[in-house]
Amino acid sequence: MTVVATYLVITFGLGGLAMAVRLPPLVGFLAAGFVINAFGLEHVPQLETMADLGVTLLLFAIGLKLDVRILLRREVWLTTSAHMVINVVLGTIAMWLFALVGVSMLAGQSVETIALLAFALSFSSTVFVVKVLEERGESHALYGRVAVGILVMQDIIAVVFLTATSGALPSIWALTLVGLWPLTRILRKIWTGLGHGEMQSLFGIVMAFVPGYALFSALGLKGDLGALVIGVLLASHPAASELSRSLFHIKELLLVGFFVSIGLTGLPDLPSIGIALLMLLFLPFKAVWYFVLFTLMKLRHRTALLAGLSLMNYSERGLIVVAVGVSSGTLAPSWLVEMSIAVALSFVVSALVNGRGHLMVEKIAARLPVQDERKLHPEERPADAGDAEVVVIGMGRVGFAAHQRLTGHYALRVVGVDYDGPRIERLAAEGLRVIEGDATDLDFWNQLRRSESVRIAVLAMPRHGANVTALACLRESGFSGRVAAVARYEDEVQWAREHGVDIAFNVYAGAGLELADQVAGGNPARPVHPEPGAAESSDGAGRAQTGTIPWAHRRVRPTNFNGIG
């Protein structure tokens, strides 16, 4: 128990230190693994179990949100295939040249061995990329969907490789997995009757580990692939997003074990660190080739940059490929240490680059040649605001309710913005006025047509970071109207007040105040007086008022979007 306590203290301490210097906590978790290894502490086998559980739940959650059709899009399957071929060919040539100039670890290695290393370096980390996307709240953005699709394709390639090199085919009983389709129809009915509490979360865990991981493993297939497949089969259930959210914190906690375990793979020495640093030289080229391929697929420069930078890392799948090479005698055991260090350092580099935010990407994209919008991917073309007075950014539960209230009760002309294509289609079918777009994209606002009438922006995205970026893009594009923002915590309310947001609406305080109004208000003419915690009050939280919209009676400066016609 003392050893476990020491693990926890080191992990928590270094995670907190990383946050203090404005790095993602996972950088501290990676460092914790190396520190624990350096101290020579007793190995805790439960840590690997924790890591495996976290990865399995992660893939199950990906499946719950994955639209399988994304895998059939050429920007996914063709980019994955072309990038892997380019990576392996050019990586093999580069490492062969390093071998010729006398790099000790590569000198004397066969072309097959070097090609295997290049193949291992071609994978990107599913765990890292999905974590970055979830922290940004952009898993459903176009670049996020494309990145996740590529990661799933890479997982499939890794499974094919492992099956081909294991010398053993999956069990003939694997053919019975086609029966999962009718089975999941029954499971969805069971799920419907479980409500919204702990039974639903437990249902998700059981699905990920029993018909997912355990069944696929028993049939000679990768267990975490099974969790992904089960997630995909259950994704059509109306509560799929709710289940994914309920498993979020469990999965995040378990993934701490994954990042710590990366550092426990081996203790680095100077030669090992040197080889790992040499491997890092390939990262920029990895991102550049993704950018080139995405651009050829008619994605905008910004989308291509965001997707390419998010995929600019090495993967735990690469460690598995190297382990296969070690077990077959193709690679020396020391390569596992070098690869684990390279993976860990690639996470640090990728975290630093991706942590710079969207505005850095906007600046880079602005320096690149202008693209012909008529030739762009359909989802990348300019949107049209029509004659809207209010734009609601984020059409989840809060945004949907705001859209309906502003339209139906206050007779305002409202347009909703969301980057989730299927959600947009569903809301449009229900008669709501919505457009597809990424509000954290400066170009979206700069190219938004007929936006002169917009005088109010409502930031209703669930992630504070996404609202922060959207606000920066609004201001950068020249928007001078009033802004209301959703907040969940007091520090978010404080930030909004300090950065010029007119109304910061605390959804929890607001829900209580609205409930009180509903209970006490039978008379719509009764005046509603601001309370502590109400809109524009001293603590910045908002309240939903009955019979009046807090800013509708005030004079608002007209919207001015630079460069919009």
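Okay, let's start with Ala-411, which is exposed at 64% relative accessibility, where exposed means over 50% relative accessible area, buried under 20% and partly exposed in between, with a 1.4 Å probe and protein chains only. Before I go on, this is a predicted model, so local features need pLDDT of at least 70 and side-chain atom pairs count only at pLDDT 80 or more, while totals for chains, interfaces and linings use all residues. Residues are numbered from 1 along each chain as its sequence is written, and side-chain values use heavy atoms, with hydrogens and water left out.

Back to Ala-411. You'll find Ala-411 in the loop between α19 (397-408) and β2 (414-418); helices here are DSSP runs of H or I with at least four residues, strands are E runs with at least two, and both are numbered from the N terminus.

Is His-409 buried or partly exposed? Partly exposed, with a relative accessibility of 43%.

Lys-298 has one of about 75°, and Lys-298 is not a glycine either. Lys-298 belongs to the loop between α14 and α15 (301-310), and with a relative accessible area of 37% it is partly exposed.

Now step back to the whole chain. We have 24 helices and six strands. The radius of gyration is 25 Å, close to the 24 Å from the globule rule for 565 residues, so the chain is as compact as a globular protein of that length. For the record, that radius is taken over C-alpha atoms, and the rule is 2.2 Å times the number of residues to the power 0.38. Along the principal axes, the C-alpha atoms fill a box of roughly 85 × 55 × 45 Å.

How much of the chain is buried? Buried residues are 52% of the 565. On contacts, meaning heavy atoms within 4.5 Å, take those with a separation of 6 or more: 77% of them join residues 24 or more positions apart. The accessible surface is about 25600 Å², and 65% of that belongs to carbon and sulfur atoms; the areas come from Shrake-Rupley with a 1.4 Å probe, and for residues only the protein chains shown count as cover.

Next, the inside. A nonpolar core here is a set of buried Ala, Val, Leu, Ile, Met, Phe, Trp, Tyr and Cys residues joined through side-chain atoms within 4.5 Å. The largest one has 101 residues, and those with the most contacts inside it are Phe-258, Phe-259, Phe-294, Tyr-314 and Trp-335. Which helix gives the most to this core? Helix α7 (residues 142-166), with 13 residues. There's also a second, separate core of 30 residues, including Ala-383, Leu-459, Met-461 and Ala-470.

Let me zoom in on Phe-258. Leaving out residues up to four places away in sequence, Phe-258 touches Ala-51, Val-55, Val-127, Glu-316 and Phe-347.

Phe-291 is in helix α14 (residues 282-296), and it is buried, at 18% relative accessible area. Again not counting residues up to four places away, Phe-291 touches His-301, Ala-304, Leu-305 and Leu-368. Leu-26 is 265 residues from Phe-291 along the chain, with 26 Å between their C-alpha atoms.

Val-349 is in α17 (residues 334-354) and is partly exposed, with a relative accessible area of 28%. What does Val-349 contact, neighbours within four places aside? Leu-280, Leu-283 and Met-312. Thr-330 is 19 residues from Val-349 in sequence and 29 Å away, C-alpha to C-alpha.

Last up is Ile-190, in helix α8 (residues 180-192). Ile-190 is partly exposed at 44% relative accessible area. Gln-200 is ten residues from Ile-190 along the chain, and their C-alpha atoms are 10.0 Å apart.
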